[in-house]
Amino acid sequence: MTQTTLTSSTTTSTATPSGLRSLYLIRATFSLVWVALVATTSSSLTSTDKPTAIAAVLLVIYPLWDVIATLLERRMAGTGSMDHVGTTNMALGLAATAGMIIAVFSTIGTALLVFGIWALLSGAIQLVVAIRRRRTVGAQWPMVISGGLSVLAGASFAAKSASATSGLSAIAGYSAFGAFWFFVSVITLSIRSRREQR
């Protein structure tokens, strides 16, 4: 949940546990703030509704934030253009942001479709990265779970985007779960670091 973002969480190189903890904490905080804003301004919107200005801004910001977080992680790891997975995820996030800018002029259902496709693909990338990182960083099982759930949630959003009962509350729930798994990752990385220092 990369949130997307979620997942989200996309380098395969030498990111340090302490650096990842800080980034995961920032990502979790962002997700919770985003959920709170959706809950207070737009959670009642359903697939047939046209997004309000506030909802449109929130929908566009979410995948864009994932691009920014990926860029921060790349700089932290010092990978630059060598990080092909991160580059792919950033391109995906920018494409999703552009798609969302178009979608918000239509209906919430269209935005859900774009969001669902992005969540599915970015979740798959997060899953791959977390599996690769188990050897170098460790304590990646929360990110494996988060990536897998993002794939399933994204497929569900895309499939149900035309349903009259779908709405922004579903995305808010997705983002809240993403924040939860980022917090779990912060805890597991902290525990691992303490054990290694003994």
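## Fold

Along the sequence, this predicted model runs α-α-α-α-α-α.

Residues are numbered from 1 along each chain as its sequence is written, and side-chain values use heavy atoms, with hydrogens and water left out. Because the model is predicted, local features need pLDDT of at least 70 and side-chain atom pairs count only at pLDDT 80 or more, while totals for chains, interfaces and linings use all residues.

## Burial and surface

Of the 198 residues in the chain, 51% are buried. Here buried means under 20% relative accessible area, exposed means over 50%, and partly exposed is in between, with a 1.4 Å probe and protein chains only. The chain exposes about 8,800 Å², and carbon and sulfur atoms supply 70% of that area; the areas come from the Shrake-Rupley method with a 1.4 Å probe, and for residues only the protein chains shown count as cover.

Helix α2 (residues 53-77) gives the largest share of the patch, three residues. Ile68 belongs to helix α2 and is partly exposed, because its relative accessibility is 40%.

## Nonpolar cores

The largest nonpolar core has 31 residues, and those touching the most other members are Trp34, Leu59, Met100, Phe115, Leu168, Ile171 and Tyr174. Such a core is a set of buried Ala, Val, Leu, Ile, Met, Phe, Trp, Tyr and Cys residues joined through side-chain atoms within 4.5 Å. Two or more residues come from each of α1 (17-41), α2, α3 (84-103), α4, α5 (141-160) and α6 (168-197), with α4 giving the largest share, nine residues. A second, separate core of eleven residues includes Tyr24, Ala28, Ala179 and Phe182.

Ile171 is a handy place to look: setting aside neighbours within four places in sequence, Ile171 is in contact (heavy atoms within 4.5 Å) with Trp34, Leu59, Leu112, Phe115 and Phe157. In soluble globular proteins, nonpolar side chains tend to be buried together.

## Aromatic pairs

The structure holds twelve aromatic pairs. Rings of Phe, Tyr and Trp (its six-membered ring) pair if their centres lie within 6.5 Å; planes under 30 degrees apart are stacked, over 60 edge-to-face, and the rest tilted. Tyr62 and Trp118 pair edge-to-face, at 5.8 Å centre to centre with 85° between the planes. Tyr62 lies in helix α2 and Trp118 in helix α4 (residues 108-136), so their pair ties together parts 56 residues apart in sequence. Tyr62 is buried at 2% relative accessible area, and Trp118 is buried at 2% relative accessibility.

One aromatic cluster is formed by Phe30, Trp34, Tyr62, Trp65, Phe115, Trp118, Phe157 and Tyr174.

## Across the sequence

Gly19, in helix α1, is buried at 13% relative accessibility. The C-alpha atoms of Gly19 and Glu73 are 8.3 Å apart, although 54 residues separate them along the chain.

Val33 is also found in helix α1, and is partly exposed at 47% relative accessibility. Its C-alpha atom is 9.5 Å from that of Ala176, 143 residues apart along the chain.

Conventions. Helix = DSSP H or I, 4+ residues; strand = E, 2+ residues; numbered from the N terminus.
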